[in-house]
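The following note sets out points for a colleague to consider when reading the model.

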Amino acid sequence: MWNDPEPTEDRSGRAAALAAFDRSLDRAHQARTISDTALAPGPAVHRDHRGAAPTTLLFDLGGVRLDLQIHPRGDHHSLSGLVGGEFDHVDVHVRRPGSTLRLFVGVDGRFEAHDLVPGPLSLAVEIPGRPLAVTDWFTVSTATGDR
């Protein structure tokens, strides 16, 4: 405030803005989006209590494929995925503005993340001997279950 005798600067907004524009992965290879779609209605599709179906995203990482499903779970979302291709080891990280979460990837290439709050996220995929690859940012939203 202008008339505050002891002004204190709130730097939390600035820190969040800088985190949202993190440039540390600028040299990473961009994963090519193959498909971005909501699943067609049908009885075989698992839906949440509001009838929302998962959204699928498919990415090409230069010979390695990343398949994702985003599942609405009330006010949060979960993400399940599969990394497929020729590699011995892979690390997958969920990137959020201001944080990164390393996911456990099984020997079959499957991984999961639970209790994701609405907002932007991106995945980073590390495979030894290959350049780091990142997906575009996408948003999970509680309004409709869309990205």
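1. Two strands are said to pair if DSSP finds at least two bridges between them. Helices (H or I, at least four residues) and strands (E, at least two) are DSSP runs, numbered from the N terminus. On that basis strand 3 and strand 4 form a hairpin with four residues between them, and glycine 62 in the turn has a positive phi of about 70°. The two strands pair in the antiparallel sense over six bridges, with aspartate 60 opposite arginine 65 of strand 4.

2. This is a predicted model, in which local features need pLDDT of at least 70 and side-chain atom pairs count only at pLDDT 80 or more, while totals for chains, interfaces and linings use all residues. Residues are numbered from 1 along each chain as its sequence is written, and side-chain values use heavy atoms, with hydrogens and water left out.

3. The average pLDDT (the predictor's confidence in each residue, from 0 to 100) is 77 for the protein, and 65% of the residues score at least 70. Over residues 143-147 the pLDDT is below 50, yet this stretch has twelve contacts (heavy atoms within 4.5 Å) in the model beyond near neighbours in sequence. Where pLDDT is low, the predicted coordinates should not be read in detail.

4. As to overall architecture, the protein comes to one helix and eleven strands, in the sequence order α-β-β-β-β-β-β-β-β-β-β-β. Of the contacts with a separation of 6 or more, 50% are between residues 24 or more positions apart. Buried residues (under 20% relative accessible area; exposed is over 50%, partly exposed in between; 1.4 Å probe, protein chains only) make up 35% of the 147 residues. The protein exposes about 9,400 Å² (Shrake-Rupley method, 1.4 Å probe), and carbon and sulfur atoms supply 53% of that area.

5. Which residues have the most contacts inside the largest nonpolar core? They are Leu66, Leu68, Leu79, Val92 and Phe111, in a core of 25 residues. Such a core is a set of buried Ala, Val, Leu, Ile, Met, Phe, Trp, Tyr and Cys residues joined through side-chain atoms within 4.5 Å. The elements giving two or more residues to this core include strand 3 (55-60), strand 4 (65-73), strand 5 (76-84) and strand 8 (110-116). Strand 3 is largely enclosed by the rest of the structure, because five of its six residues are buried.

6. Leucine 79 lies in strand 5 and is buried at 2% relative accessibility. Beyond four places in sequence, its contacts include Leu68, Ile70, Phe111, Leu116 and Phe138. Leucine 68, with the same exclusion, touches residues including Leu57, Phe59, Leu79, Phe111, Leu123 and Phe138.

7. Most residues other than glycine have a negative phi, and most peptide bonds are trans. Aspartate 115 is exposed at 61% relative accessibility; its C-alpha is 8.9 Å from that of leucine 79, 36 residues away in sequence.

8. How many salt bridges does a search of the whole structure find? There are three (a side-chain nitrogen of Lys or Arg within 4 Å of a carboxyl oxygen of Asp or Glu). Aspartate 91 meets arginine 102 at 2.8 Å, N to O; this pair links distant parts of the chain, strand 6 and strand 7 (residues 99-103), eleven residues apart. Aspartate 91 is buried at 15% relative accessible area, whereas arginine 102 is exposed at 53%.

9. The side chains of aspartate 67 and arginine 65 meet at 2.6 Å, N to O. Both are partly exposed, aspartate 67 at 22% and arginine 65 at 39%. Aspartate 108 and arginine 110 form a salt bridge at 3.2 Å, and aspartate 108 is partly exposed at 47%.

10. Finally, aspartate 136 lies in the loop between strand 10 (133-134) and strand 11 (138-140) and is partly exposed at 38%. Leaving aside neighbours within four places in sequence, aspartate 136 is in contact with Gln30, Thr33, Phe59, Leu121 and Ser122.
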